[in-house]
Amino acid sequence: MGTKNIVFTIGQSFHVFSGIFGFIQKIFRVAYTGYRSVAFKNFGRDSTIEPGQVALYGEKYISVGNYCHIDTGCQIFATDKRGDESFTPEIIIGDYCHIGSNSHITAVSGIYLGNNVLTGKSILITDNAHGLTDLESLCTPPLLRPLISKGPVRIGDNVWIGEKACILPGVTIGEGSIIAANSVVTHDVPPYCIVAGVPSKVIKQFK
């Protein structure tokens, strides 16, 4: 067998094995999603959870729309009780959303994502913090401070949140906006704009 034939055969074999491996991955993803999704309040059609160190808490307060994907390593927590504290959390993720790997979404009040929201890796969306910023709170170990929420987080349709961005409590992000990578969003964001920085500021608005 000539060299060209050997290379061609190896290429064919690699293509076949890649296809088989991809098929096995897909089956495993579907099975894993089926196992994890039963605990959710609602879990939409053809939505998937990527296997691999996904941490979920309070799934009965979490709704996921249709055709969503939650990537590997994500932590999604809806906390209803912490020590003597009680909360009524809610997390609602719209249709066609993609949550990037190693992202953290945590609610004690409410976090609402519209349709077609895309996040990069390692983003944070939170509606709560450990205590206030007064002197008494700062003198208390962070783990012993009560969880305080300044209000729910609302993210409109077609929002793109860049890698390692942080969306803090009480923020509303308007439809179609882009949050630049590494931004810290502390105030409301108008629709159809780009924000960047720490804290974030509008750097361009389209409407």
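Trainee: Which residues does I161 touch, not counting residues up to four places away in sequence?

Mentor: In this predicted model, I161 touches L118, T119, G120, I123, I125, I155, I167 and I179. Contact here means heavy atoms within 4.5 Å.

Trainee: What makes the set around I161 a nonpolar core?

Mentor: A nonpolar core consists of buried residues of listed kinds, Ile among them, joined through side-chain atoms within 4.5 Å. The largest such core has 36 residues, and I161 is one of those with the most contacts inside it, along with I91, I125, I155, I167 and I179. Strands supplying at least two residues each include β9 (91–93), β17 (153–155) and β23 (193–196).

Trainee: Why is E85 called buried?

Mentor: The cut-off for buried is under 20% relative accessible area. E85 has 18% relative accessibility, so E85 counts as buried. E85 lies in strand β8 (residues 85–86) and touches D80, P146 and L147, leaving aside residues up to four places away in sequence.

Trainee: How do you know that the side chain of E85 makes a polar contact with L147?

Mentor: A polar atom of that side chain lies 2.8 Å from the backbone nitrogen of L147. The limit is 3.5 Å, so the pair is within it.

Trainee: What makes β14 and β19 a pair?

Mentor: Pairing needs at least two bridges. Strand β14 (residues 124–126) and strand β19 (residues 166–167) are joined by 2 bridges, so they pair, and they run parallel. I167 in β19 is the bridge partner of I125.

Trainee: Why are β3 and β22 called edge strands?

Mentor: In the open sheet, ordered β3-β6-β11-β14-β19-β22, β3 (55–57) and β22 (184–185) each pair on one side only.

Note on methods:
Residues are numbered from 1 along each chain as its sequence is written. This is a predicted model: local features need pLDDT of at least 70, side-chain atom pairs count only at pLDDT 80 or more; totals for chains, interfaces and linings use all residues. Side-chain values use heavy atoms; hydrogens and water are left out. Helices (H or I, at least four residues) and strands (E, at least two) are DSSP runs, numbered from the N terminus. Buried means under 20% relative accessible area, exposed over 50%, partly exposed in between (1.4 Å probe, protein chains only). A polar contact is a pair of N or O atoms within 3.5 Å; within protein, one must be able to donate a hydrogen and the other to accept it, and residues adjacent in sequence count only if both atoms are side-chain atoms.
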